[in-house]
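Colleague: Can you walk me through this one? I would like the overall picture, then some details.

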Amino acid sequence: MIFFVRKPNRPWALALLGLAWTATILPALAAAATTIGSLSITTVPAAPSLDPKADVSTWSHVPAVTLPWDVQNEKPASESSTARIATDGQSIYVRFDVKQRETLLANQHANDIGDGTDDEVWVDLWPNGANGFYYQFAVTSNGTHYQYSSENTAYAPTWKSYGSAGAGGFTATMQIPLDVLRGTSGGGWRVQFVRIVRSTGERQIWSYAPAQTNGDDVNFAGSMQGLSKLSARRPKPRIGVYALGVAGSGASGLTTSRVGADLSIPLTSTASFFATLHPDFSNVEVDQATISPTAFARFYNEVRPFFTQGRNSFENFDCDACPQIAQLYTPSIPTPRDGYAVEGKQGPISFGAFDSVGTSRNDAAQALTYQTPDGHWRASTERISADCNIPNSASCPFGLPSIHDDVSASGLSYNDGKHVDAYFDYGSDSGSNVAIPNQAQRYDGGFYVYNNTAGFSMSSRKIGYYYDPADGFVQHTDIAGYALYGAKIWQFSDKSVMNSIGVSEFLDRYHNAAGPYNQTDNNLLFDALTRNRIDVQLSLGSAYLLANNCTDAQGNVINVNPANYQRYAYCQVFTPISQNGLGVTWHSGTVNSPGNFPNHGSSSTPTSLTFNTGRFGPGRVDSWTRSSTIRVGDRGTFSAEVDDARQYLGAGGTNVEWLERFGYTYTPNPTASFAFGVRRILGTPPLINAAAPVTCTTVVANVVAGAPGRCTGAWNLSFAYHRRIAHDELYAAYGDASQLSTLPAFTLKFIHYFGAEKGT
């Protein structure tokens, strides 16, 4: 394996090993003939029966198509699946009838919650072909549904779905109103029917090429005739008006009431202007807290509606075997006073822009992407700027009282949709935080060769010390070097006790502008998944980072940059940050492609136990992760997690940090959910710099540093109720799971959507 090459300054040797690995992929390049489907949608005078228990003869006037190909395993489907599609001119009606010998997974009961854990069928629609928006409508065997669209990450229209399990399989039906889809006068309809068996990973599709790796690829979808152009259906404007009341203790100062609005106005059939006025994001209910040891800043998902709506327009760049890099990272932008944006698509061009206006702060971004009709080539460019001037305040980016930052990036990529992906990205940063202009660029290029069971990538990059966008996220600046990644999965027959065995390998070598290594990582991962979904993972390797241990006479950390490298070279230490170990998960998900390896998907009731150990900064860190989710009745789940990280310092002493989290969710019906959660973080996190003080350095709110190895804990208690119907949403919540400590306030929020529905 490449991890044991002793002379990392010879990348050609690593490349030869990678090419040998790639040889396992090449035999799959010669595939059988492509089978692209074509159908004429049946027009019916009245809606067919949507009762999934009704005999299939009630749809006998609608021709059926089969799903003969398992795209995940590149072989014929092992079980029978059929789909039917019809229209009455107002809606699209779909029925799936599938056979399944495996135990049905149907644990989710609330729409839009927990996708990816149950057996599903779905239909992909492209009303304007490859150049139009993409829509997906998915249904589980009990009728729970999910929907997605490339026009809006918050896409949530009202549509109907039903499901019923029977002997040896299930039936699912859908009614999709045509007025929740958008298109132009050009292009033709494309359609794909998909069925996935979660316990085995089998992914059946209707229209296919044996060499394809993505079942939802428009280039292999079938054509569909018989539906009129959607341009005749004028999109409706949407205005979402909310009323909010917050009741808190007198000391908290949280008691308030307010009103505001989110609006979306169509400019064309495929472009919209949207805005938020006096926004409030009190409905945030996402717990992303973690204490896993890391030497880098953590990346968090965006949850605020204004920023999620236009997210698809930005960051359309490839990056293989790379650290986390994002020119636009909206969680770093404070909630604006007002926000204005435009997004859309015109033929092969998609675009987006927003202006987030706050008090003495303005954040703006623009993006443009061109993709060839066959989807193989893509060119993207974007610009993001941040201006902040808050005197006597450290709330601006980088903790400064004022800043101006301007970053631009462009990228060109190629993907044949089957086995080859290649890209090149370039970015440049400028502004008040850039002291040396020629150290504020990003160069990044690489390729990836893959199929559904193997993959190999090689990339090279250079990121300057000052390439650190104020509204972006760059995990590690001041690096130049290369990275390699390879993965191979072996699948077993249905009669075997094993589902799959996989191995992946990762290596990188980066140096800084002064020359010495700045970061190195070597990782080898073995993964075994049994047929009854027990997943065992073993990780081996090492990781090192050039840590800044430089402090002045008062103990303040000195900023070491390209201008003073030589002066402070003596106090920069190439520090180990290794964590390796063994993990076991019961009720794991199923195997995915090497692009996601070793992620085995997800399960609604997993139980996992993981132990990692290794030298981390000035001591050894042992960390345990223990988590479990169990069913409570038919519609409830209880989850628990207890993690700890213990750092045994070489100079003596121990830092211990704990995370304890418990939660309960209940879904009384598909449109409502109730969640309760309690979480506590306490102790001292592991240190990376030997010169750093032994305090609670990462705990930020309501936490007081104590004696070495101890600190006051941070509690979070929250509960929330959410109910959604066609044009209304109701939230009732206490606290905020996204915060470190509880906000002692009760929130009641009501939203009404005038015109179009949420996300359309």
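Modeller: We can go through the fold, the cores, the salt bridges and a surface patch, in that order.

Colleague: What kind of model is it, and how many helices and strands does the chain have?

Modeller: It is a predicted model. The chain has two helices and 42 strands.

Colleague: What share of the residues is buried?

Modeller: Of the 760 residues, 52% count as buried. The accessible surface of the chain is about 31,500 Å², and carbon and sulfur atoms hold 58% of that.

Colleague: And how much of the contact comes from residues 24 or more positions apart?

Modeller: Such pairs make up 61% of the contacts with a separation of 6 or more. Lysine 758 sits in the segment after strand E42 (745-755). It counts as partly exposed because its relative accessibility is 22%, and the cut-off for buried is under 20%.

Colleague: On to the inside. Which residues have the most contacts in the largest nonpolar core?

Modeller: Ile92, Leu125, Phe137, Leu181 and Phe193, in a core of 32 residues. Strands E6 (81-87), E7, E8, E9 (135-140), E12 (169-177) and E13 (189-196) each give two or more residues to this core. Apart from it lies another core of 26 residues, including Phe307, Phe317, Ile463 and Tyr467.

Colleague: What does phenylalanine 193 touch?

Modeller: Leaving out residues up to four places away in sequence, its contacts include Leu39, Val65, Ile85, Phe96, Trp122 and Trp206. In soluble globular proteins, nonpolar side chains tend to be buried together.

Colleague: Now charges. How many salt bridges are there?

Modeller: The structure holds 19. One of them pairs aspartate 97 with arginine 84, with the closest N and O atoms 3.7 Å apart. Aspartate 97 is in strand E7 and arginine 84 in strand E6, 13 residues apart.

Colleague: Are those two buried or exposed?

Modeller: Aspartate 97 and arginine 84 are both buried. Glutamate 641 and arginine 661 also form a salt bridge, at 3.0 Å from N to O. Glutamate 641 is in strand E37 (residues 636-649) and arginine 661 in strand E38 (residues 654-669), so this pair ties together parts 20 residues apart in sequence. Both of these residues are buried as well.

Colleague: What about arginine 646 and aspartate 644?

Modeller: They form a salt bridge with the closest N and O atoms 3.4 Å apart. Arginine 646 is partly exposed, at 29% relative accessible area, whereas aspartate 644 counts as buried at 3%. Elsewhere, salt bridges with shared partners join Glu79, Arg101, Glu102 and Arg195 into one network.

Colleague: Where does glutamate 102 sit?

Modeller: In the loop between strand E7 (91-99) and strand E8 (120-126). Glutamate 102 touches Glu79, Val197, Ser199 and Thr200, not counting residues up to four places away in sequence.

Colleague: Last topic, the surface. Which residues make up the nonpolar patch?

Modeller: Tyr666, Phe674, Phe676, Leu717, Tyr721, Leu730, Phe746, Leu748 and Phe750, with about 730 Å² of accessible area together. E42 gives the most, with three residues.

Colleague: And threonine 747, buried or exposed?

Modeller: Threonine 747 is in strand E42 and counts as buried, at 10% relative accessibility. Its C-alpha atom is 5.1 Å from that of alanine 733, 14 residues away along the chain.

Key
Residues numbered from 1 in each chain as written. Predicted model: local features only at pLDDT ≥ 70, side-chain atom pairs only at ≥ 80, totals over all residues. Heavy atoms only, no water. Helix = DSSP H or I, 4+ residues; strand = E, 2+ residues; numbered from the N terminus. Buried < 20%, exposed > 50% of the residue type's maximum accessible area, 1.4 Å probe, protein only. Contact = heavy atoms within 4.5 Å. Areas by Shrake-Rupley, 256 points an atom, 1.4 Å probe, with all protein chains shown as cover. Core = buried A, V, L, I, M, F, W, Y, C linked by side-chain atoms within 4.5 Å. Patch = residues over 30% accessible without salt bridge, like charges linked within 9 Å, V, L, I, M, F, W, Y side chains within 5 Å. Salt bridge = Lys/Arg side-chain N within 4 Å of Asp/Glu carboxyl O.
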